[in-house]
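Hello,

Please find the structure below. Some notes on what was found in it follow.

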Amino acid sequence: MLGRVPVGEETFLIVQQAGGASDGAWFGNFSPDDVLLYSDAPFPSAVLVVFDDPVFAVGAQVQAGDYGRFLGFIGAFGPDGNAIGAPFSADGESTENADGSALVLGLSAETAIIKAVSFSATVLDRAGNVVRQDFALDFVSCNAPPSLDVPEPARSRCSALA
């Protein structure tokens, strides 16, 4: 499964993790048949998810486009558009195992102050030098305040921007 989603001036690909009932276009370590948002930009790229209303917490699975070690990044922004603290990074390992072991990145706050969150990944060589910055993103999950009475498909209230 492969499609294009134009967002701003960048194009993201919709790909499907291979390894399940259908043959997908992504051979990584997400769960079989998961539908992914892939940023294949040749330059530093990030997916920015903007919420209609601020949320308490948000998370997603991230995997770099090349096999091997990578750094996944997540950053949060408040209602005023300013960063909430410094971006967080974690080491990940890209494989083709299709076992759901892709890196999970998430942030939470004591109050609903997260209005937007960005995800990205950087592929590193053995010496720690940046090689590529393409990546795929699986399910974005968020925790909204109970007073908002958000229906179950709350994830549909998120939008990806370049």
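Ring pairs join W26, F30 and Y38 into a cluster. Rings of Phe, Tyr and Trp (its six-membered ring) count as a pair if their centres lie within 6.5 Å; planes under 30 degrees apart are called stacked, over 60 edge-to-face, and the rest tilted.

Before the details, a note on the source. This is a predicted model, in which local features need pLDDT of at least 70 and side-chain atom pairs count only at pLDDT 80 or more, while totals for chains, interfaces and linings use all residues. Residues are numbered from 1 along each chain as its sequence is written, and side-chain values use heavy atoms, with hydrogens and water left out.

Aromatic pairs

The structure holds two aromatic pairs. One of them is W26 with F30, a tilted pair with 6.4 Å from centre to centre and 50° between the planes. Both of these residues, W26 and F30, are buried (buried means under 20% relative accessible area, exposed over 50%, partly exposed in between, with a 1.4 Å probe and protein chains only). For W26 and Y38 the ring centres are 5.2 Å apart and the planes stand at 55°, so this pair is tilted. W26 is in the loop between strand 2 (10–16) and strand 3 (35–39) and Y38 is in strand 3, so the pair ties together parts 12 residues apart in sequence. Strands (E, at least two residues) are DSSP runs, numbered from the N terminus. Y38 is buried, as is W26.

Salt bridge

Side chains of opposite charge can pair when their charged atoms come close. A salt bridge here is a side-chain nitrogen of Lys or Arg within 4 Å of a carboxyl oxygen of Asp or Glu, and the count comes to one. D91 forms it with R69, with the closest N and O atoms 3.6 Å apart. D91 is in strand 7 (residues 88–94) and R69 in strand 6, so the pair links distant parts of the chain, 22 residues apart. D91 counts as exposed because its relative accessibility is 52%, whereas R69, at 36%, is partly exposed.

Confidence

The mean pLDDT (the predictor's confidence in each residue, from 0 to 100) of the protein chain is 79, and 77% of its residues reach 70 or more. Over residues 1–8 the pLDDT is below 50, and it is also below 50 over residues 153–162. Where pLDDT is low, the predicted coordinates should not be read in detail.

Regards

Methods. Helix = DSSP H or I, 4+ residues; strand = E, 2+ residues; numbered from the N terminus. Contact = heavy atoms within 4.5 Å.
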